Amino acid sequence: MTLEFIDIKVCAVLSAMLVMCILISCGNNSIVGIWEPNGSGYEMEFYDDGTMSSKHGTGKYETIDNHLRILDMGFMGQVLSYDYEINGDTLILINDSGIRREYTKKK
């Protein structure tokens, strides 16, 4: 075996490991799932097809970077907009007024 062939194999293995790490870390920060409020509020479920449900009915959502927009939830065309963070099993929603609500992912 030549040194160049070994370098190519090492690069391929390292690249595959990097891709796996990226995929694993992305899955941990997914908004998809059922979230229970810590305190007041209501349970929300986000599906991987861009739909969601809560006690207010069903609707659509989109996430861009750390921004969540809830659409078509029956609020007379109003779009609900939040900044959000996911830390492990905790979802933090922050509305435009700076009010924070925390949710725990249901297992």
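**Close-up views of a predicted model**

**Figure 1. Contacts across the chain.** Of the contacts in the chain with a separation of 6 or more, 25% are accounted for by residues 24 or more positions apart. The model shown here and in the following views is predicted. One helix and eight strands are present in the chain, and the elements run α-β-β-β-β-β-β-β-β from the N terminus on.

**Figure 2. Surface and interior of the chain.** The accessible surface of the chain amounts to about 7,500 Å². Carbon and sulfur atoms hold 57% of this surface. Of the 107 residues in the chain, 22% are buried.

**Figure 3. Serine 53 and its surroundings.** Serine 53 lies in strand β3, which covers residues 51-54. Its relative accessible area is 17%, and serine 53 therefore counts as buried, the cut-off being under 20%. The side chain of serine 53 is joined to that of tyrosine 47 by a polar contact of 3.2 Å. Leaving aside residues up to four places away in sequence, serine 53 touches Glu43, Met44, Glu45, Tyr47 and Thr58.

**Figure 4. The largest pocket.** The space in the largest pocket is about 250 Å³. This pocket is lined by 15 residues, of which Tyr42, Leu80, Tyr82, Arg101 and Tyr103 are the closest to its centre. At least two residues of the lining come from each of the strands β3, β6 (80-87) and β8 (100-105). Grouped by class, the lining of the largest pocket consists of eleven nonpolar, three polar and one charged residues.

Methods: Residues numbered from 1 in each chain as written. Predicted model: local features only at pLDDT ≥ 70, side-chain atom pairs only at ≥ 80, totals over all residues. Heavy atoms only, no water. Helix = DSSP H or I, 4+ residues; strand = E, 2+ residues; numbered from the N terminus. Buried < 20%, exposed > 50% of the residue type's maximum accessible area, 1.4 Å probe, protein only. Polar contact = N/O pair within 3.5 Å; in protein donor to acceptor, adjacent residues only side chain to side chain. Contact = heavy atoms within 4.5 Å. 1 Å grid on protein atoms, 1.4 Å probe; cavity = no way out; pocket = protein on both sides within 12 Å on 5 of 7 lines; lining within 4 Å. Points joined across faces, edges and corners; volume = space filled by probe spheres on them. Nonpolar A, V, L, I, M, F, W, Y, C, P; charged D, E, K, R; others polar. Areas by Shrake-Rupley, 256 points an atom, 1.4 Å probe, with all protein chains shown as cover.
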